[in-house]
Amino acid sequence: MIDYAAALNEAQYEAVTCGDGPVLVVACAGSGKTRTIVYRLAWLAEHGIAPQSILLLTFTRKAAQEMLRRAATLLNQGLSGAQGGTFHSFAYGALRTSPPTWLNGRIFTLMDSQNINDAVKHCKDTLKLGRNDRSFPKTQTIAGLLSKARNKELPLAEILEREAFHLLPHLNSLEQLETAYITWRREKCLLDYDDLLFELETLLNNPETAASLRRRFTHILVDEYQDTNRVQARIVRLLGGADVVDAPDCNVMAVGDEAQSIYAFRGATVRNILDFPNFFPGTRVIRLEENYRSTKPVLDVANSLLAYAAESFRKKLFTRLEDGEAVRLVVPLSDMSEAALVVRRIRELLNICLPHEIAVLFRAGFHSYHLEMALQHAGIPFRKYGGLRYSEAAHVKDVIAYARLVINPLDMPAFARVAALHSGIGPKTAQKLHLALTTLDEQAMSRSFARFPDLLDDMHFITHLQTMPQNPADILAAVLERYFPKMETLYPDDWPRRRQGLEEIIHMASGYAALDMFVADLALESPEEDENDGENRIVLSTIHSAKGLEWRAVLILDLVEDRFPSRHALAREDDFEEERRLMYVACTRARRHLDLYAPSSIYSRAERGTLYVNRSPFLRELAPELVETWVEGYGGRLSRRAATEQAVGGVPFSDGAARPACADLNSAAGFSAEPAGHFQIRDDKSAENAASRNRDRASAGMRCRHRIFGTGKVIKELPPDKMQVYFPGFGLKVILSEYLNFE
């Protein structure tokens, strides 16, 4: 027999050895979640549960196989018969045995991603949609949008409004395509990846089939429950018999952490784990709070973030690693000098850490562009996860091709790339045109370019740039003005996102005196990466790509408003809370060293200059004693600010009033400061009534308070449910009325 008490801490032991009935294991970051599931599998097998009665649902097949393998090793015997895998693989197995009734006895096949793209393209061509319209989204993008609408269970129109507003002109066509794609799959007896889950739900709604599966799988374990979408949660309830009066014991163990629910963009909803005790009456909630990864200073910051969450299972991470370096809050003068300070800090850390033990994390892929240039210049190798390196992105290569032709008109690869931006020009035609261009014969060039007047205009534009002073920022600003209109047809699927990242290039170039030096630095990439050379490179990563990983040292960039949290998250409470969880995930990746960077200013191309910015609300919540603040002075020198001088916890208003503590803000926004039962829950009816009262009382000129921005003045009402408000220090914001308290 395994000595479970010796192998596990008290909370893990409780989770592993609990008896029958529904259980929710709230597994905090670094608390030994996988170990707990492995020992639970072994405990069930040792206590008479047949392996074939155990179902383990995870989000990757590899994770399930590894857990089952480790449990079998503990037992010194196989777990033959235990079923482990993803929701989708389980659904496929169940549907093979009990196919959907609409098939009428026919056999179905499962489509892979290429099949899906081919089918969407077939439907698009059949309907004659998007012909000769370069703004129409690509097939792969359409397939992604249809899948997102299905997983989020939202109308396609709402998906476009929230995430791809630039594609709204094509809404009617895309809705036609959605209907055609559904019909086509049914006619051909095909299921795509998303169909598996919804067809399984339909199957489980048959009482006899559901009862049969419940008799077979008496014990169900679900990993990463916070990442489930709505249909996956309903499947777990149906398999567990949560809503069946005469069902046997509902032996479902869900393991997860609501504080790490960061995949709403994929359709995951934090409500599934928060509502688990309501959907499974009699749920036993067990918290794994001992952290084996991070030092106490890191966890103190993480706990502070969780303390102000609007809704959560109240918990407090603790560790036996009491010693540790203080968390550093670094305040650079600008986002440009931020990159230099990060490089300096990385050099310091390389004296005590191996390169692969250092990670720089950021909210969005384009936030690392300045740093990528600075690292290249410093000769520090890196790998990037979550987005391409800046110089590898197609739209960046397009713009740099113009700049290369300004520097060297004979640059054939650059000319070919610019030529390819115009329809009807392939590699062979580009070769001929380039030859005509370099003969310096005006008549020959005019004849060759007669079919391509737009390209000829581009060449004249480049000639004009060559006559300008060669200031890199000015040259690139002119190139962008010419290039931006082309982006909407070149990259119809995501041109707004590409444009946002591309605007950084002017700021990056502003630090160079010569255009050729800037272009050369972009081109001077590290040699081809060896897959086995990971230990010699630091890591750059988006926070989403970093989940589940850990490093000895973590540096988090751009902790300022509109970047982290993103500007889109400030209007909706749910989005803002997901940003908080994202920040929590970022901090808990660090084992011993955590640095937070909050530049005082950022470059804004829209404002044609540098803007002073406010620190992230998450930093303003931190008590001064939780961080060691370092402020950059002129010349790049860092000086430490005493805790009594720090303004981390509050930003003064213009009237001298201090911003209230977050506990007060939570209370004012309709959230209790203490947990109610297992976790604190917003009273939706109360919120609705409050919102109604707010709308009745609101009028232009009234003062109001918001939990993030503090006190402001109403400028105007935006029916049906929003207000335009001016907040001192923040400017104009559009806010849902229910999140405002009027004075």
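The legends below describe close-up views of a predicted model.

**View 1. Overall content of the protein chain.** The protein chain has 31 helices and 23 strands. Of its 743 residues, 54% are buried. The chain exposes about 33400 Å², of which carbon and sulfur atoms supply 51%. Of the contacts between residues at least 6 apart in sequence, 74% join residues at least 24 apart.

View 2. Strand 10 (residues 358–362) and strand 13 run parallel and are joined by four bridges. Leu361 has Ile556 of strand 13 as its bridge partner.

**View 3. The aromatic pair of Tyr263 and Phe265.** The structure holds eleven aromatic pairs. In one of them, Tyr263 and Phe265 are edge-to-face, at 6.0 Å centre to centre and with 65 degrees between the planes. Tyr263 has a relative accessible area of 11% and is therefore buried, the cut-off being under 20%. Phe265, at 35%, is partly exposed.

**View 4. The aromatic pair of Phe564 and Phe618.** The ring centres of Phe564 and Phe618 are 6.2 Å apart and the planes stand at 85 degrees, so this pair is edge-to-face. Phe564 belongs to the loop between strand 13 (551–556) and helix 28 (573–587), whereas Phe618 is in helix 29 (residues 617–620). The pair therefore ties together parts that are 54 residues apart in sequence. Both Phe564 and Phe618 are buried.

**View 5. An aromatic cluster and two charges over rings.** Tyr225, Phe276 and Phe280 form one aromatic cluster. Arg237 places its charged end over the ring of Phe279, 4.0 Å from the ring centre. Arg185 lies over the face of Tyr181, at 4.3 Å from the centre of that ring.

How values were computed. Residues numbered from 1 in each chain as written. Predicted model: local features only at pLDDT ≥ 70, side-chain atom pairs only at ≥ 80, totals over all residues. Heavy atoms only, no water. Phe/Tyr/Trp six-rings, centres within 6.5 Å; stacked < 30°, edge-to-face > 60°. Buried < 20%, exposed > 50% of the residue type's maximum accessible area, 1.4 Å probe, protein only. Helix = DSSP H or I, 4+ residues; strand = E, 2+ residues; numbered from the N terminus. Lys NZ or Arg CZ within 6 Å of the ring centre and 35° of its normal. Contact = heavy atoms within 4.5 Å. Areas by Shrake-Rupley, 256 points an atom, 1.4 Å probe, with all protein chains shown as cover. Pairing = 2+ DSSP bridges.
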